[in-house]
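Open the model in your viewer and keep the sequence panel beside it. This tour tells you what to select at each stop and what is there.

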Amino acid sequence: MAFAKSTMRLATGFSSQLYGQTGLGGRSAYHPTSVAVFGAGGFFGRYTCNELGNMGVSTNIPNRGCELELRHLRPMFDLGQSKFVFYSPRDDESIRNALRGCDTVVNLIGKNYETRALVPKEGFPFVNYVTNFSFEETHVDVPRRIAEIAKEEGGEWERYIYYIFGNRS
């Protein structure tokens, strides 16, 4: 086993490491950058987290639902490199908590349908659909709020990366 590890180290060399990265490389590496990935449970978020885990980047993964919804992201990181944080897009303090300790923000929040919730009502059919997050709130208000809070926090922010969700007319 030790021979295989040393052979891999010799075969790959240290040229594949990023600037500032230490360790053996890959998921066991340590990179000094810390990233917050909003929308990590979506299509692009999964692959973004996989690449960040491969580089050894410490990552905050804010989640507005149950943490078990993102359990498929855990194996993408080494122990201690991922932090799952609960947040609400309508609560500024929880967004600040999700951004704490990060120097890069990646926003991948987007939907091609408005999220809805069932609410009980009197009479038949006893339930009613209520829009939880509209298109405007999802694609305009929440990203604006995240960017404003990141700017307010100031500090050592390097980047704010925002992916605009496509296929909308």
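Show the whole surface. The accessible surface of the protein comes to about 10,800 Å², and 55% of it belongs to carbon and sulfur atoms. Accessible areas come from the Shrake-Rupley method with a 1.4 Å probe; for residues, only the protein chains shown count as cover. This is a predicted model, in which local features need pLDDT of at least 70, side-chain atom pairs count only at pLDDT 80 or more, and totals for chains, interfaces and linings use all residues. Residues are numbered from 1 along each chain as its sequence is written, and side-chain values use heavy atoms, with hydrogens and water left out.

**The whole chain**

Switch to a cartoon. The protein has four helices and seven strands. Helices (H or I, at least four residues) and strands (E, at least two) are DSSP runs, numbered from the N terminus. From the N terminus on, the elements run α-β-α-β-β-α-β-β-β-α-β.

Of the 169 residues, 31% count as buried. Buried means under 20% relative accessible area, exposed means over 50%, and partly exposed lies in between (1.4 Å probe, protein chains only). Now think about contacts, meaning heavy atoms within 4.5 Å. Among contacts between residues at least 6 apart in sequence, 59% join residues at least 24 apart.

**The open sheet**

Which strands form the open sheet, and in what order? Five strands do, in the order S3-S2-S1-S4-S7, with parallel pairing. The edge strands are S3 and S7 (159-162), each pairing on one side only. On average, neighbouring strands of this sheet are turned by 20 degrees against each other, direction ignored. Axes are lines fitted to C-alpha atoms, for helices over the stretch in contact, and angles run from 0 to 180 degrees between N-to-C directions. Two strands pair if DSSP finds at least two bridges between them. Strands of a sheet pair through backbone hydrogen bonds, either parallel or antiparallel.

Select residues 57-63, strand S2. Is S2 largely enclosed or open? Six of its seven residues are buried, so S2 is largely enclosed by the rest of the structure.

S1 and S2 run parallel and are joined by four bridges. Pick Ser34: its bridge partner in S2 is Ser58. Now follow the chain from S1 through helix H2 (residues 43-55) to S2; this β-α-β crossover is right-handed. Right-handed means that, with the strands pointing away from the viewer, the path from the first strand over the helix to the second runs clockwise.

Next, select residues 82-86, strand S3. S3 pairs with S2 in the parallel sense over five bridges. Asn63 stands opposite Phe86 in S3.

Then go to S4, residues 104-107. Four bridges pair S4 with S7, again in the parallel sense. Thr104 has Arg159 in S7 as its bridge partner.

**Helices against the sheet**

Select residues 135-153, helix H4. H4 lies across S1, S4 and S7, and runs at about 175 degrees to S7. Phe135 is in H4. At 26% relative accessibility, Phe135 counts as partly exposed. Glu114 is 21 residues from Phe135 in sequence, yet 5.9 Å away in space, C-alpha to C-alpha.

Move to residues 92-99, helix H3. Which residues of H3 are buried? They are Ser94, Ile95, Ala98 and Leu99. These residues cover an arc of only 140 degrees around the axis, which puts them on the same side of H3. The arc is that of the directions from the helix axis to the C-beta atoms. The buried residues of H3 pack against S1, S2, S3, S4 and H4. Just after H3, find Gly101, with a positive phi of about 85 degrees.

**Two loops to finish**

Zoom in on the loop between S5 (115-120) and S6 (127-133), where Pro125 sits. A cis peptide bond joins Phe124 and Pro125, with omega about 5 degrees. Phe126 lies in this loop too. Its phi is near 70 degrees, a positive value in a residue other than glycine. Phe126 is exposed, with a relative accessible area of 51%.

Last, select Arg64, in the loop between S2 and S3. Arg64 counts as partly exposed at 39% relative accessibility. Leaving out residues up to four places away in sequence, Arg64 touches Phe86, Tyr87, Pro89, Thr115, Asn132 and Phe133. Arg64 and Pro89 are 25 residues apart in sequence and 7.6 Å apart in space, C-alpha to C-alpha.
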